[in-house]
Amino acid sequence: MASQDWIDKDFYSILGVSKDASAADVKKAYRKLARQYHPDQNPGDTEAEQRFKDITEANSVLSDPEERKQYDAIRAMGSGARFTAGGPGGAGGSANFEDLFGDIFGGGGGGRRRRTTYSTGGAGGPGGPGGFEDLFAQFGGQTGYGAPGGYGGYQAPPARGEDIRTETTIPFRSSVHGTTVKLRRGNGQETTVRIPRGVRDGQKLKLAGKGHSGAGGAGDLYVTVHVTPHPFFRRVEGTDDVEVTVPITFPEAALGATIEVPVLDGGTVRVKVPAGTSSGRRFRVKGRGFGTAKGTGNLIVTVEVHVPAELDEQAQAAVRAFAEATADEDPRARLAEKARV
């Protein structure tokens, strides 16, 4: 790259870092932008491709201590002199770029403009004696500059290995406590995957660097976890809550009771059912749902009044007596009125 380009381009601004940014800051900024504007991620987008070239070019210079030293020196020199495309005595009397460097390429500045053709080698070219590199060498020793792959070109970073996407199915109980599974890859190797407690059905887990290997590093492994249904516990979609349906007797619903309800850890919890509870009423028990790294959900208990399929004579007599005692109460009294609204 010619020094005029180095004067005109602000590599720090291109990477979005300050002039005193550390090598680690430069590397981090480059990787982030390179992923965003890489041609593979933006097929057919010429603007993104040019942006990627600029990013690669800037990183090539700023990531090399010697080239960065040369760049900073030339930028500092450029800030003290105005370079224009005019001849001697151009706008504002500023120095002409070719005049300033004319002697380097075998001609004096004088009063005439000269067009100099740059090549990558030979006398008069950047690689030959008297070229720009001789001047730049005064600022740091190393004479190579520009983006990898040639002056004005770019060289894409080494490609990472491909990602691997797979699936696994675990029992419901394993989703409560967490587990580990072994997955066999296409090359016959096994990878152990830790499934965290509280994992949800359909949740995707990412294992960085566990994909296929490549020159730019290994890809990632993505595992979609499926959880088999449970006959009693049901996870509330999108939450860490678990819901259950518990039958209660008519006397418990009418008179009230305290019932024992199973929970995920294998134990039980006591739930108070107040008198006059109707079928379908829900109760919440805090902190007895799925436990995850972010917290613990709740247990949602729905009660259903159980009606025996068969009653003996004594039970039938008791029900008839109850019906007579509550004959004045009609739960459907206002049903027709509601239907007409």
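Here are some friendly questions and answers about this predicted model.

Local features here need pLDDT of at least 70 and side-chain atom pairs count only at pLDDT 80 or more, while totals for chains, interfaces and linings use all residues. Residues are numbered from 1 along each chain as its sequence is written, and side-chain values use heavy atoms, with hydrogens and water left out.

Me: Which residue of β3 is the bridge partner of Thr179?
Reply: Strands pair if DSSP finds at least two bridges between them. Strand β2 (residues 179-184) runs antiparallel to β3, and six bridges join them. In β3, the partner of Thr179 is Ile195.

Me: Which strands stand at the edges of the open sheet of four strands?
Reply: The order in this sheet is β6-β7-β13-β10, with mixed pairing. Two of these strands each have a single partner strand, so one side of each is left without a neighbour in the sheet. They are β6 (234-235) and β10 (282-285).

Me: How many residues apart in sequence are the parts tied together by Glu57 and Lys9?
Reply: These two form a salt bridge (a side-chain nitrogen of Lys or Arg within 4 Å of a carboxyl oxygen of Asp or Glu), with the closest N and O atoms 2.9 Å apart. Glu57 lies in helix α4 (residues 46-62) and Lys9 in the loop between α1 (3-8) and α2 (11-15), so the parts tied together are separated in sequence by 48 residues.

Me: Is Glu57 buried or exposed?
Reply: Its salt-bridge partner is Lys9, which counts as partly exposed at 28% relative accessibility. Glu57 itself has a relative accessible area of 7%, so it is buried.

Me: Which strand holds Arg282, the salt-bridge partner of Glu243?
Reply: The two side chains meet at 3.8 Å, N to O. Glu243 lies in strand β7, and the pair ties together parts that are 39 residues apart in sequence, because Arg282 lies in strand β10.

Me: How many salt bridges does a search of the whole structure find?
Reply: One of the networks of salt bridges links Arg160, Lys206 and Asp220. The search of the whole structure gives a count of 11.

Definitions and conventions. Helix = DSSP H or I, 4+ residues; strand = E, 2+ residues; numbered from the N terminus. Buried < 20%, exposed > 50% of the residue type's maximum accessible area, 1.4 Å probe, protein only.
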